[in-house]
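Have a look at the sequence and the model first, and then read on.

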Amino acid sequence: TDIGQTRRALRLLAPFTSTPDECYFCLWEGYADAPLPPEVQHGRLVELPHRRYALLRGSLADIDAWEADLGGGQNIAPPAFVWPADHSWCFASDVDPHWAGIGAERAAVDALVGDPRLDVVPARPADPQPWYR
């Protein structure tokens with residue numbers, strides 16, 4: 001997913017959290033195009049198998065300044081994970097694939113699916129899941 005699609009999806013998800021001013025963002029530490037500020041480089045990391053991420057905290061609206069704040073005004077990759085403090089939804093986008101998985105209540109999923117500018121399909125756990133080819 002690119003930052004524009006990520007930003008659009010997160011804006012649609014904003015009404016479905018009671019904590020839009022307290023959100024968490026993870027950015028993969030391996031992106032060469034993300035000149036992370038020193039406080040981020042040496043800050044907390046989220047470690048998962050095969051990946052480490054810089055953990056950022058802020059308002060969901062901070063996604064609007066993602067490139068300015070983290071990329072020095074240059075295009076950079078979108079966050080790999082975003083979730084609000086109330087855990088009402090989670091946006092997850094791996095480093096390599098061109099898709100994101102979003103776990104949320106039905107109304108939030110319906111809002112995403114209903115936006116013609118997003119390419120969104122509901123996933124059902126029992127169905128084969130999309131994968132990068």
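Strand β4 pairs with strand β5 (residues 89-92) in the antiparallel sense, over two bridges. Strands here are DSSP runs of E with at least two residues, helices are runs of H or I with at least four residues, and both are numbered from the N terminus. Two strands count as paired if DSSP finds at least two bridges between them. Within this pair, V82 stands opposite F91 in β5. The hairpin of β4 and β5 has four residues between the strands, and H87 takes a positive phi near 60° there.

Before going further, a word on the source. This is a predicted model, in which local features need pLDDT of at least 70 and side-chain atom pairs count only at pLDDT 80 or more, while totals for chains, interfaces and linings use all residues. Residues are numbered from 1 along each chain as its sequence is written, and side-chain values use heavy atoms, with hydrogens and water left out.

Which of them are buried? "Buried" means under 20% relative accessible area, "exposed" means over 50%, and "partly exposed" lies in between (1.4 Å probe, protein chains only).

**The sheet**

β4 also pairs with strand β1 (residues 23-28), in the antiparallel sense over four bridges. In this pairing, F81 of β4 is the bridge partner of C26. β1 pairs with β3 as well, again antiparallel, over six bridges, and W28 stands opposite Y53 in β3.

Put together, the strands make an open sheet of six, with antiparallel pairing and the order β2-β3-β1-β4-β5-β6. Its edge strands are β2 (45-48) and β6 (101-104), each of which pairs on one side only. From one strand to the next, the twist averages 20°. Helix α1 packs on the sheet, where α1 touches β4, β5 and β6, and its direction makes about 175° with that of β5. Touching, or contact, means heavy atoms within 4.5 Å. Axes are lines fitted to C-alpha atoms, for helices over the stretch in contact, and angles run from 0 to 180 degrees between N-to-C directions.

**Salt bridges**

How many salt bridges does the count come to? There are nine, where a salt bridge is a side-chain nitrogen of Lys or Arg within 4 Å of a carboxyl oxygen of Asp or Glu. Three of these pairs are set out below.

| Pair | Closest N to O |
|---|---|
| R7 and D64 | 3.7 Å |
| E47 and R52 | 3.8 Å |

R7 forms a salt bridge with D64. R7 lies in helix α1 (residues 3-13) and D64 in the loop between β3 and α3, so the pair ties together parts that are 57 residues apart in sequence. R7 is buried, at 12% relative accessible area, whereas D64 is partly exposed, at 41%. R7 and D64 also belong to a network of salt bridges that links R7, R11, D64 and E67.

In the second pair, E47 counts as exposed because its relative accessibility is 56%, and R52 counts as partly exposed at 33%.

R106 and D110 both lie in helix α4 (residues 106-113), four residues apart, or about one turn of the helix. R106 is exposed, with 53% relative accessible area, and D110 is partly exposed, with 42%.

**A look at S59**

S59 sits in the loop between β3 (51-58) and α3 (66-70). Is S59 buried or exposed? With a relative accessible area of 17%, S59 is buried. Its side chain reaches the backbone nitrogen of A61 at 3.1 Å. Leaving aside residues up to four places away in sequence, S59 touches P20, D21 and F25.

**The chain as a whole**

Stepping back, the protein chain has four helices and six strands. From the N terminus on, the elements run α-β-α-β-β-α-β-β-β-α. Of the 133 residues, 35% count as buried. Among contacts with a separation of 6 or more, 69% come from residues 24 or more positions apart. The C-alpha atoms fill a box of roughly 40 × 35 × 25 Å, taken along the principal axes.

Note on methods. A polar contact is a pair of N or O atoms within 3.5 Å; within protein, one must be able to donate a hydrogen and the other to accept it, and residues adjacent in sequence count only if both atoms are side-chain atoms.
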